[in-house]
Every structure is written in structure tokens, then in C-alpha cells.
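Hi,

Here is the model I said I would pass on. Have a look at it first, and my notes follow below.

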Amino acid sequence: MKRKTREQDEILETLKKLDEKLIPLIDKHPDCSLFEDHTNTPFQALTSSIISQQLSVKAADNIKKRFDQLVKQIEPQRVLELSANELREVGLSARKAEYLHCLAKAFIDNDLTSEKLESMSDSEITETLIAVKGIGEWSVHMFLMFYMKRLNVLPVKDLGIRKGMGKLLGKNMTEKQCLEYGEKWHPYKSVASWYMWQLKDSK
């Protein structure tokens, strides 16, 4: 992990002021992984997301290794050059092979470079990616938070987030209630969401 910057410290201090309930959590977990660097491309990040769907970490990692060996360079054009049968040989299901082809085509058709994605709003990215077969709202939210480093995303469809917020407030939370309460975390909902995962896993 890279060392925290002054800006990151300021974000955490602001969150403490926005919601005092977060103070013990932030003090316990001062190194939020949302601030970590990454070296992969947007296409690589979403390819990994599709491969990992409904699989254990170990199973997904094994398929990713075989996929990397097959593809060599994980780029849209290269993935389109491979047949569904070739993709299935590394352990991918027929459906996931189709999803990867759809993703590659979307990146080419929409010219989704890193630069273009950076210039797009959260809603524009969501609208573009949701239209891709195999990419759902949860996957887009994770992409926005962990790859694009967008700081104001609250993935209330994530059960872990709702459980964390329920633990924070001492009651079961609906998606609507999570959205309403999460407004107090604006403009750092992504960071607060990360802390909800930590709270959910705490004893």
C-alpha cells in the first residue's frame, strides 16, 4: 500500500465530523484500501470481475492464470480474436465467454480508454457499462470505487453494506434506509461504505 497522503487524511477526518459513529471504525482501520494504487487497465479490471462472478477466490484465481496464459495481452481486440471454445478451455463457462466477448466489443465500439472513462461522470460510466451483457450494478459500483477511485458511491444492493449499516445503527436496514442515512456521508460515501464492510466482519 502506498503511504497515505494529506488529502486522504483530510477525507477521513471529514468523515469523522460528518458521522461521529464512524470515529472508532476509522481509528481502528486507518488504512482504507480504496486509496491503494492499481496497475491494471479498465478492461483488465472488468474482465477479472466477470471471471470471478459466483466463484471462490481460489477457483477464480486458477482460471485467471490460465486465461492470462492464453490471452497473453488482456486487450479487447485480442479477446475478440479468441473463440468461445478457446475461452472455455481455460475453465470459463459458455456464458462467461459470451460476456467477455460482449465486454471487448463494448470497449472497442465506445472507445473506452482510461482517459475517456476519467472524463465521464459516475452516471455516464454506469449507463455505458450496465448495457454490457454480464455487467450488473454491483460490478459497476465496485469498478467505480476500487478502479476509478470515485469517492461518492454507496452500493446499497451489497448485503455486506446493509449488514454493516445495520450493525452501525443497531437495526435491520432496507436499501431505502441505507440510501437515506448514507446521504450524511456525502461526498465520501465510497469510503464510508468500505468501513461498513469492516464493521460487518468485526466481532
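Let's start with Thr47, which sits in helix 3 (residues 42–52); helices here are DSSP runs of H or I with at least four residues, numbered from the N terminus. Thr47 is buried, at 2% relative accessibility (buried is under 20% relative accessible area, exposed over 50%, partly exposed in between, with a 1.4 Å probe and protein chains only). Leaving out residues up to four places away in sequence, Thr47 touches Phe67, Ile74, Leu100 and Leu103, where contact means heavy atoms within 4.5 Å.

Before going further: this is a predicted model, so local features need pLDDT of at least 70 and side-chain atom pairs count only at pLDDT 80 or more, while totals for chains, interfaces and linings use all residues. Residues are numbered from 1 along each chain as its sequence is written, and side-chain values use heavy atoms, with hydrogens and water left out.

Phe67 has its own set of contacts beyond four places in sequence, including Thr47, Ile51, Val79 and Leu87. Phe67 is also among the residues with the most contacts inside the largest nonpolar core, which has 62 residues (a core is a set of buried Ala, Val, Leu, Ile, Met, Phe, Trp, Tyr and Cys joined through side-chain atoms within 4.5 Å).

Helix 1 (residues 6–18) and helix 13 (residues 189–201) pack at about 75°, with axes 10 Å apart; axes are lines fitted to C-alpha atoms over the stretch in contact, and angles run from 0 to 180 degrees between N-to-C directions. That makes the two helices roughly perpendicular (65 to 115 degrees; under 35 is roughly parallel, over 145 roughly antiparallel, the rest oblique). Ile11, Leu12 and Leu15 in helix 1 meet Val191, Ala192 and Tyr195 in helix 13.

Now the charges. There are 10 salt bridges in the structure, each a Lys or Arg side-chain nitrogen within 4 Å of an Asp or Glu carboxyl oxygen. Which residue does Asp27 pair with? Its partner is Lys16, at 2.6 Å, N to O. Asp27 is partly exposed at 47%, whereas Lys16 is buried at 14%.

Glu183 and Lys189 form another bridge, at 2.7 Å; here Glu183 is partly exposed at 47% and Lys189 is buried at 11%.

Cheers
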